[in-house]
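Here is a brief report on cores, sheets and strand pairing. The sequence and model come first.

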Amino acid sequence: MRLLPPSSRAVFEGMVALVAAVTTALTVIVPALTVAAADAGARSIVSSGSGADTGLDLALPASDDPGGQDERVRAAIVEVMPAAARVTVERVEIAGLLDLGDGRGYLAGVSADDLEALPMAEGRRPSDANEAALPATAAEALGIAVGDDLDLGAARVEVTGLWSSSRAAADRWFGVRAAFAEGGGEGPLAVAPGVVDAVAEADGLDRSVHWTLHPDAAALDLATLQGMAAGWRALPDALAASGEDTSALETAGALVPTTQIATTRAAVLEAAEPVALLAAVLASVGVTALFAALLVGAGGAERRIRWARGQSSARIVGREAARALIPGVVGAVAGAGVAVLAVPPPLALVPAIGGALVLGAAAPVALVALLAADDVRALTRVEGGTPAARRWGAVIAASVFLLLAAATTARLLSLGSTLGQGRSGTAPDPLAVLAPAALLLALVLVGAAVPLWATRRLRERWGARGDAGRFLSAVGATRRPLALGATVVLVGAAAGQLLFAAMYQTTWESASRTAVALQEGATHRIAGDGDDLTPAVLDRVVAVSAGAGAAPVWSANTSIAARSASLVTAAPAALAALADPAVPDLDRLVAALRAEAPGAEVARGATTLRVEVGATDAESAAASVVLLDDWGRITAVAPGADGAFTIPPVTTGAEGRWRVAAVELAVQTPAAFGALVSIDAMTADGDPLDLGTAVMPVDITGDAIDMQPDAGPPVVAVNSDITRVRFVPVAGAASAVVSRAFAEAAGVDEGDTLPLALVPGADARGARISAIVPAVPGAALPSAVLVDATAVTADRLRAFSSLPGAASAWLPATADPAAVAAVLPDGARLAGTARDDGRAVLSTVSALLWSGAVGTGVLAVAGLAAVALGARRARRSEAVSLRAIGWDAAARRRLRVREAAGGAAAGVIVGVASAAVTGVLLLPAVVTGALSRAVGVVVTVDPIGATAAIVPFALVAVAGAIAFAIADDVPRRGSER
């Protein structure tokens, strides 16, 4: 009985160590990448946002013991917040509303140090108790300038500075702004705390204290962010336990929803882990089992000697298992070390790394022990061969795996995503996440039977043709199905993983661009706090953008046709010029949305506009002309000293024009009735302009009120109570574009009429559905309706006495974000597709899938070596027979090469086909969970990228199979050398 040379055992042990190293490295790198990306996503979402999006604010009525109240609140915050959280807490006392300048405002008591972080646009920070500062945007709205003295009743203060918009201002004042949002006050006017107390006491104003919290993004991770959200929910109870009266507690800030977004993104990454690791881990188990079988086979002779000498089975098996422990430990430690150096994991993963080390070292030990024990038991059996129980066990295991693949696939398709609802929110579904890898491997297993069946069917045909080489290959495949099957499965699993990763990356990138484009609308977008993007604000934006325009966009969730839907209002020209090109069916959407806007169109290049006003028993003059551009932006122009109106430059492109949206008249009459005012004529550079005969006069002395039931010529009766009248040309029938989701839910089709209230509080009027599109850009809900802003402006000018502001505005891609941010109100922020903070996090899924695919590829190549070595031992008797009938070493080598290359090539084909089927079936559901909003997912693949991934692996696999097959099957005789 010949013992195997020690060098062969060393090779087998080295390959076991390699497999353990690759597996352990993968099981460390993939979770480390997941956690690192989730933590980076938490930091990114906090650092890229500002104000309410990333902060928390609580307000309580001011106490008679302000020091004690502040101490209790701060102690409660420390109690509920995670120890790892670095949080800044700023306190401010406020009072209001009171008359300030041309409007109403509110006070905030702060010290000079509290204003250090605010950049001053003009003047200086207050340094004395009788000095004050306020936001530049609020000062403009209130008509206040640096140097003005403000009479606050109980105190007088001088305005010494105006601060510009900044993140520091947005972070500091968002809770204060929210407290006065409904009252419409401007501010805050920052004064000394004593001034707030004096004014509040003198005027009987309510005083409240705000504590504003903001996390330090640089020191943040996902667990800490989640802990802060949980602590915030527990804060009211902690305050009550400290003795603080919380009956009037008010809170603001969206850090909790922001945390939910970060948590959902982390769940997407966690859902990708099984997809990346399952195939690699199963391949590792299979390859380790192959090398374990080689190790057990290498020690067969020695084992039989020990058994014949009477050693116990346990001792024999233990000795074999102990030999496998060293390569398992060495490989696992080496793999973990490389992984830790490549992707340093957080401390939270240390237990998981320890588990990966134990499993990596224990797997070869356990497999060697099982195989050695089976071999020892076989010594007691009379008959050789594979026991029937083992064959049935393999059949049962394969059947269970196929059922698992079917169950997980059904679960994923029923959910439509790999994510479900866990106890604490969105979480990976434990069954759905297994579906892609399970279905891919199941299809590869089923596909592996095809080459076996084909060789059996073709054996006789090749034999009849006299093709001895192919006939013998078919005979060999029939006699050694395990070798061919293992080759096909290993290569197919790796090739399938590579193609699936390529398909996912291309499909996700395409769908993600569409989802973000629909969510944001444009490359640059201003998101306001309410409708605070007033025409004056947008005028400033245009001024700092070198004349580039700005397009106001309104979006509100409402009920349309008894269905919850988003109503979006935007100008067709703005959509055509500014919308992200990834918006689906954009050209059709723009063409269908266009409606006839009311009002006289001003010739391009006109510079001066004049209005002739008629008055009977009254005095009247044109006080303002409201102009509307092609992008839906309105601006008010005041008359010059000669009564003429200077027309500003058009900022909407070479074909852009202004349209007269309204004319406002200042009116004065002592008459209780019978007085009339009218617009008799209007010209632009001498050319006549016609407002039309459908004009609605609106009383804007106070709240906006229509002055007659129906539109008519621009003339109206006035009385002594009316001091300002706005003549608004009225739009005709509106048209609407609806999303496919809305059309399906409401059961409507193109040409139907929808009842739409185009402004809050207005009566609904009919709008004809001109088109149904996949989705509406800028809508918060999939079910949405889009209306032309230029046609809706008339309704807004009739509903509001002041010029209406917008909650959002789109900017050209050439806009300077820094310059724009500096002139925005504190509550506004920049957004858009250019600031997609979620892309870097969610794109990590592709990296995880590629990592798993590459690891599976390495394991597959190692498995080919194990298959070749096992087949070489199994075919020695066949090789002797072939040599006896005249087949020399070269002929036998060609036979082995043909078999090995054919098996590897078949594996590539099976893997590609399996991945294609898996991708078509499951990728839409897998990708949907990784999108910012639901869109239609079309499975695509970049042929160049897929080829670049699969072809090199296929070449390596075929070359490796050939290289392993070239080795001599039996020692050469002298004539063969």
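## A hairpin

Gly422 has Gly425 of S12 as its bridge partner. The model is predicted. Strand S11 covers residues 419-422 and strand S12 covers residues 425-428. These two strands pair in the antiparallel sense, over 4 bridges. Together S11 and S12 make a hairpin, with 2 residues between them.

## The open sheet

An open sheet is built from 6 strands. Their order is S18-S17-S20-S26-S23-S24, and the pairing is antiparallel. Strand S18 (634-637) and strand S24 (705-706) are the edge strands; each pairs on one side only. Helix H19 (residues 789-799) packs on this sheet. H19 touches S17 (619-628), S18, S20 (659-668), S23, S24 and S26. The direction of H19 makes about 160° with that of S26.

Within the sheet, S23 (residues 695-699) and S26 (residues 724-729) pair over 5 bridges, in the antiparallel sense. Val695 has its bridge partner in S26: Pro729. Strands of a sheet pair through backbone hydrogen bonds.

## Nonpolar cores

The largest nonpolar core holds 154 residues. Which of them touch the most other members? They are Phe291, Tyr504, Leu575 and Leu786. Helix H7 (residues 255-298) gives the most to this core: 21 residues. A second, separate core has 31 residues, including Leu665, Leu689, Val695 and Phe727.

Take Leu575, leaving aside its neighbours within four places in sequence. Leu575 is in contact with Ala570, Leu586, Leu589, Val590 and Leu593, and also with Pro777, Leu786 and Trp810. In soluble globular proteins, nonpolar side chains tend to be buried together.

Notes. Residues numbered from 1 in each chain as written. Predicted model: local features only at pLDDT ≥ 70, side-chain atom pairs only at ≥ 80, totals over all residues. Heavy atoms only, no water. Core = buried A, V, L, I, M, F, W, Y, C linked by side-chain atoms within 4.5 Å. Buried < 20%, exposed > 50% of the residue type's maximum accessible area, 1.4 Å probe, protein only. Contact = heavy atoms within 4.5 Å. Pairing = 2+ DSSP bridges. Axes fitted to C-alpha atoms, helices over the stretch in contact; angles between N-to-C directions.
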